[in-house]
Amino acid sequence: MRFQYHKPVPDFYKVDNPKEPLTNISDSQLEKLNSLAIEYGCCGVSYAKLSDEFKREWDVDYDNVVIFKFLMADDFLECEPSRQKAVALDREFQEIGENVFKLADYLRNEGFMACLINPLDDKVSLRALVMQSNDCEILRSNMCLFKEGLNVSFFPIFTSIENLPFKQENDMQWVSKYCGSCGKCIRRCPNKAFDDDERVLGKVCTAHSEGCSDCLLVCPFYKKGYDEVKKEYERRMKV
Ligand code: SF4
Ligand code: SF4
């Protein structure tokens, strides 16, 4: 099973989408989805209701998204960058992705439409998409921070389910102020991959080619975790 750039979404479902999809999920079905997600290795699940503005901007015609989150293994991330590391990270990503088809199959079996959004498809920015969940923040390193950790990879699916527990407000907005006054990743990037506006230059960054994770490894959100950094930030704000 491979996810590939610029290729159609792979079809590894075992169940077809229902002809007349249901739109309301019960509490027990949602609980079952969450427990299955944990069983398949997820560290959490987020939900996004896409705004009309987002849909117009990215030309998508779906509304409701379930985001399955997985922790990338620390021992992989902490290895020295190399082609082998990139291949190992890619393999881990593939294995995790396979389980997301099983989670979509569960929803299809229950009568809902559910389709994976190809994580390597650049038609829609997945970072912009997950921001619609009000459950994460994008850092200066261009990484997406969820409360579960900075080493989270995610796979979104869109679905016919209308009554998911969408978060109305983002309580992580303090993160951008903290991040804006830090800059460790920019100073420590071994490839000088940040431009003058502090944007990551895709052609210079070796995250995909060699599995470079240096900006993640130096980030306080990775080293200490979300709650600890938040506590420190709040202490600092009181002084
Ligand atoms: S290292 Fe600092 S500047 Fe870089 S992403 Fe983390 S918090 Fe933001
Ligand atoms: S992944 Fe490595 S090369 Fe890319 S921005 Fe981060 S530290 Fe720099």
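Analyst: Let us begin with Glu 232, which is partly exposed at a relative accessible area of 23%. Buried means under 20% relative accessible area, exposed over 50%, and partly exposed in between (1.4 Å probe, protein chains only). This is a predicted model, in which local features need pLDDT of at least 70 and side-chain atom pairs count only at pLDDT 80 or more, while totals for chains, interfaces and linings use all residues. Residues are numbered from 1 along each chain as its sequence is written, and side-chain values use heavy atoms, with hydrogens and water left out.

User: With which residue does Glu 232 form a salt bridge?

Analyst: Side chains of opposite charge can pair when their charged atoms come close. A salt bridge is a side-chain nitrogen of Lys or Arg within 4 Å of a carboxyl oxygen of Asp or Glu. Here Glu 232 pairs with Lys 224, their closest N and O atoms lying 3.1 Å apart. Lys 224 is partly exposed, at 42% relative accessibility.

User: How many salt bridges does the structure hold?

Analyst: There are 14 salt bridges. One of them joins Asp 135 to Lys 167, with 3.0 Å between the closest N and O atoms. Asp 135 is buried, at 15% relative accessible area, whereas Lys 167 is partly exposed at 27%.

User: Which residues are linked with Asp 135 and Lys 167 in a network of salt bridges?

Analyst: The network also includes Lys 69, Lys 147, Glu 148 and Asp 171. Another salt bridge is formed by Arg 199 and Asp 195, at 3.8 Å from N to O. Arg 199 is exposed at 52% relative accessibility, and Asp 195 is partly exposed at 22%.

Definitions and conventions
Chains lettered and ligands numbered in written order.
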